[in-house]
Amino acid sequence: MQRAAEPFAIRVRDLVVGFGRQVVIDHLSLDVRRGEILGLVGASGGGKSVLMRTIIGLIPRWGGEIEVMGKPIGDAPDRATQNVAGQWGILFQQGALFSSLTVRQNIQFPLRENLVMSQALMNEIATAKLEMVGLAPEDGDKFPSELSGGMTKRVALARALALDPAIVFLDEPTSGLDPISAGDFDALIKTLQKTLGLTVFMVTHDLASLNTVCDRVAALADGKIVAIGPMRELLQSEHPWVRAYFHGKRSQMLQPRAS
Amino acid sequence: MASEPVLTATPSGNLLELRPEGAWIATNVARLEDLTGAVVPELDRSETARVNMAGVDELDTLGAWLLEKLSRRAASAGHSSEIIGIADNYSSLMEEVRQVNRHNPAPTPAPNPALAKLGDLGRASVGVRADIAVFMEMLGALFMSLIGVMRRPRTLRFTSLVYQLYRVGWQAIPIMVLITFLIGAIIAQQGFFHFRKFGAESYTVDMVGILVLRELGVLIVAIMVAGRSGSSYTAELGSMKMREEIDALSTMGLDPIAVLVLPRVAALVCALPILTFIGSMAALYGGGLVAQLYGDMSPAIYIARLHEALSVTSFKVGILKAPFMALVIGIVACSEGLRVQGSAESLGRQTTTSVVKSIFLVIVLDGFFAIFFASIGM
């Protein structure tokens, strides 16, 4: 496998991002290994989504370097052209499905825009992706407004995977899902990651999915990565914010009561 | 980085061995489709097919599916087929692809086109009835909440009413003045140009005055308001509906009609007669300017001719229509806004419908008023 030459899927060095006078990401460095699922946690409004959006080029940066698949990535304005034929796929928090297109057309959209292929093959690929994310071929004719929250996320994932990207960014994939659907979705991410050899960069607050699917977890506080490693290492971390995050009242509720 | 994909077919007796090599990934799709298409005839002829994937060094869902499709094609013809030489890191992908596209739903048969057109016609007719029902329902609801406000005047949303008046009335004045001024000027120019042939230039003033006051002033202003304020009402209420704000209001025990619709419609009903008056004056001014510059008629004569040609009746006919047109625009705009479903597309569609429908109804209403005023001799 030629792709395996480069050990890191994403390398971020000394990244600075801000708005106006406010610095949101402050000299942050982060490596995402190829083929791992990295979970990113942080306070609400603490810059998790900003970091993700900067890497994929939606927000201009003030300084620092970003490498994706060993290639340096330019700054926001000329970034759109660099994502040729889908280096990455993105699952937005609300799905961001095109509401005027059917589910099938949504999944075919990246294929249609980036590649030249027959309509028959495009239909087959779309159906294949639908089935891979656990939906029925019949769902392909529905419109996004007719989908439930869980289905919307699945379709958005299918669209993100349409071009078989090497990296998938997931912005709070399980938010707004009930625990059963969230668990199913976690399992789906894990399966697809294995099947397709994906690198997954996941922004999440879901302690359960951090625990079950993530190979490593990075904690973002004060604009920096304050801790990174497997979940059990983070649980041992001495950083006050990380302690508060993983040992707060809500996370304690997940542990079985002592008495 | 990606090596060129190749597919070699080696027949040996009854066996056809297919050896895909190189990068079977989505970026090479055009080439891959040609390759797989080319071997299909040979595949159909041979009794046993074997796909040897040992030479594939890159594979993604698309490539995997194309190979799976080849093997499936052989299998479907009653021949035996197998896939061998799958690299370990691709085995789960091939396994996954083997499961997909197994049960394609039967395509729904296309309906008879003539019947489909008839069906559309029928649905449209039923739709008209539903439209009338929705309009009446909104009129009734508005009337009920008006009665409620009259009983308890303090429940009137006064701030909202004033704000809406500011938006649809005050802020609309510049554009209304500009448009009606131009319309008045154009009518006057056309009048002078054509009436000159009969030496009846002075009658241009009669035409401008009566047309503007009775018909055009109110009509132009109403159409502009439908496009400007009606559409914004629909879009506002529609996006509130989409974001469940209207449901939130109802659950707090508030009537969305009283809170949202009544101030908007009331503001329109107040603003449209005022805008009509201002617009008519601007049109008459435009006509007068053209009369002086193009028709060589002094302002004094223009005003004197207007004085002779017009009566208060013409003014009344125009201004009386304005509140009714405002009511129609407001009701259509608000009821279409409340009919918005979940999607952004539906919001756009409803906004278009609102503008088209309210302009249409304004013109129809104008026709009824023409008959009515004619029969009472105004």
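The crossing of α9(B) and α11(B) is right-handed, meaning that the near helix is turned clockwise from the far one by less than a right angle. Helices (H or I, at least four residues) and strands (E, at least two) are DSSP runs, numbered from the N terminus. This is a predicted model, where local features need pLDDT of at least 70, side-chain atom pairs count only at pLDDT 80 or more, and totals for chains, interfaces and linings use all residues. Residues are numbered from 1 along each chain as its sequence is written, while chains are lettered from A and ligands numbered from 1 in the order in which they are written.

**The helix pair in chain B**
- The axes of α9 (residues 256–293) and α11 (residues 312–338) of chain B come within 8 Å and cross at roughly 145 degrees; axes are lines fitted to C-alpha atoms, for helices over the stretch in contact, and angles run from 0 to 180 degrees between N-to-C directions.
- Residues making this contact (C-beta atoms, placed from the backbone, within 7 Å) include Leu268(B) and Leu272(B) of α9(B), and Ala322(B) and Ala326(B) of α11(B).

**The sheet in chain A**
- Here 6 strands form an open, mixed sheet in the order β6-β7-β8-β3-β9-β10; strands pair if DSSP finds at least two bridges between them.
- β6 (88–91) and β10 (224–229) of chain A stand at the edges with a single partner strand each, so one side of each lacks a neighbour in the sheet.
- β3 (residues 37–42) and β9 (residues 216–221) of chain A run parallel over 5 bridges, and Gly39(A) stands opposite Val217(A) in β9(A).

**Around Val200(A)**
- Beyond its neighbours within four places in sequence, Val200(A) contacts residues including Ile37(A), Leu38(A) and Val168(A).

Methods. Two residues are in contact if their C-beta atoms, placed from the backbone, lie within 7 Å.
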